[in-house]
Amino acid sequence: MRQRCTFFGFFLTTAVIASAGIQCRCAKKPVSPVARPAISTRYRVSFDSIVNVGYKWRRPMHGWAATELVIERTLRQWYSRLEVRPKSRDLPLEDLKVAMESLPSSDQTDISIVYLASSQTRQGQWEFTRGTRRVSWPDLLGSIKIRQHPRRIVRLDACLASAVMRSRTWSERLAPSSFFASLDGERTYELNFRSPFPLDLPKRFPEANAWLRENMPADWNGKISFFGLIWLQAFLKTAHPPETQDDWKEFLRLCRKESEDFRTSHSRKLSSTVNGYVASGAK
């Protein structure tokens, strides 16, 4: 009899503990709804993008195409007067030149935002998706005429992105302000919100995951560039859309901090250092 009572007591205790564990999991605090940022109506803002995706000799850059969409949709949530201009994908050299010469001037838009994404060599050369042809930024920018815009902000999402600063032509001819996905000498990586390996990103970044679930297409495969996640993290922590140059400096500072936090708290191997510069003086 004593043995049966002891067994029953053990069974009852186990059931209570299991029940408590189930209740604990069910009571887990849900992720808060994604907050909507304030909307800027003051400025005309344009968004251009030139992205290489369909490489034949390496894995396609699907994560960078997703980042293009993330930036576009965050800008839509920031600026009521946003103009999303035609996207450019997998351009050969001559078409790339045309796209660069077509960037808007200050007469056409108050703030020009440009997203460039591609495979890039250690020498800072843009690698085309077709064949093995490459072009250096000094050679490219020296051969075309780009409309000047004091408030153009170029985001370069590529390995060794800061290598373009080895030549002054980048800042003088194209980008008065720039965000770089990586330092000169650093690689940058593709992340995946649909796979728990090597990082369980939905668990580590619940607010970003909630925004992505709400705003990305149903057929999105979960891949995003590292820069795309950092941009989104900074966006979610910015209450008011950047308007002045000081606003953009603060947003760049926040992006760099987010990339450093990722390195120290999540993964050194999958991180790079988001960096850049913002022109002073323009309001």
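# Close-up views

**View 1. Asp-184 is partly exposed, with a relative accessible area of 40%.** Residues count as buried under 20% relative accessible area, as exposed over 50%, and as partly exposed in between (1.4 Å probe, protein chains only). This is a predicted model, in which local features need pLDDT of at least 70 and side-chain atom pairs count only at pLDDT 80 or more, while totals for chains, interfaces and linings use all residues. Residues are numbered from 1 along each chain as its sequence is written, and side-chain values use heavy atoms, with hydrogens and water left out. Asp-184 forms a salt bridge (a side-chain nitrogen of Lys or Arg within 4 Å of a carboxyl oxygen of Asp or Glu) with Arg-166, and their closest N and O atoms are 2.8 Å apart. The two residues lie 18 residues apart and link distant parts of the chain: Arg-166 sits in the loop between strand 8 and helix 5 (169-174), and Asp-184 in the loop between strand 9 (177-180) and strand 10 (190-192). Helices (H or I, at least four residues) and strands (E, at least two) are DSSP runs, numbered from the N terminus.

**View 2. Strand 1 is largely enclosed by the rest of the structure, because seven of its seven residues are buried.** Val-45, Phe-47, Ser-49 and Val-51 point one way from the strand, and Ser-46, Asp-48 and Ile-50 point the other way. In a regular strand the side chains alternate between the two faces of the sheet. Strand 1 runs parallel to strand 2 (residues 82-84), to which three bridges join it; two strands pair if DSSP finds at least two bridges between them. Within this pairing, Phe-47 stands opposite Val-84 of strand 2. The bridge partner of Ser-49 in strand 4 is Tyr-115.

**View 3. A salt bridge joins the side chains of Asp-48 and Arg-85, with an N to O distance of 2.6 Å.** This pair links distant parts of the chain, 37 residues apart: Asp-48 belongs to strand 1, and Arg-85 to the loop between strand 2 and strand 3 (88-89). Both Asp-48 and Arg-85 are buried. Side chains of opposite charge can pair when their charged atoms come close. A search of the whole structure finds 14 salt bridges.

**View 4. Strand 4 (residues 111-117) has seven of its seven residues buried, so the rest of the structure largely encloses it.** Ile-111, Ile-113, Tyr-115 and Ala-117 point one way from strand 4, whereas Ser-112, Val-114 and Leu-116 point the other way. Strand 8 (residues 152-157) runs parallel to strand 4, and six bridges join the two. In this pairing, Val-114 is placed opposite Val-154 of strand 8.

**View 5. An open sheet is formed by three strands in the order 5-6-7, with antiparallel pairing.** Strand 5 (119-120) and strand 7 (134-136) each have a single partner strand and stand at the edges, so one side of each is left without a neighbour in the sheet. Two bridges connect strand 5 with strand 6 (residues 125-127) in the antiparallel sense. Ser-119 has Glu-127 of strand 6 as its bridge partner. Glu-127 also forms a salt bridge with Arg-134, the closest N and O atoms being 3.0 Å apart. Glu-127 is buried, at a relative accessible area of 8%, whereas Arg-134 is partly exposed, at 47%.

**View 6. Helix 8 (residues 226-236) is mostly covered, with ten of its eleven residues buried.** Among the buried residues of helix 8 are Phe-226, Phe-227, Trp-231 and Phe-235. Gly-228, Leu-229, Ile-230, Leu-232, Gln-233 and Ala-234 are also included in the buried set.

**View 7. Ile-146 lies in the loop between helix 4 (137-142) and strand 8.** Ile-146 is buried, with a relative accessible area of 8%. The C-alpha atom of Ile-146 is separated by 7.1 Å from that of Leu-103, and the two residues are 43 residues apart along the chain.

**View 8. Arg-58 is located in the loop between strand 1 (45-51) and helix 2 (62-78).** The relative accessible area of Arg-58 is 31%, and the residue is partly exposed.
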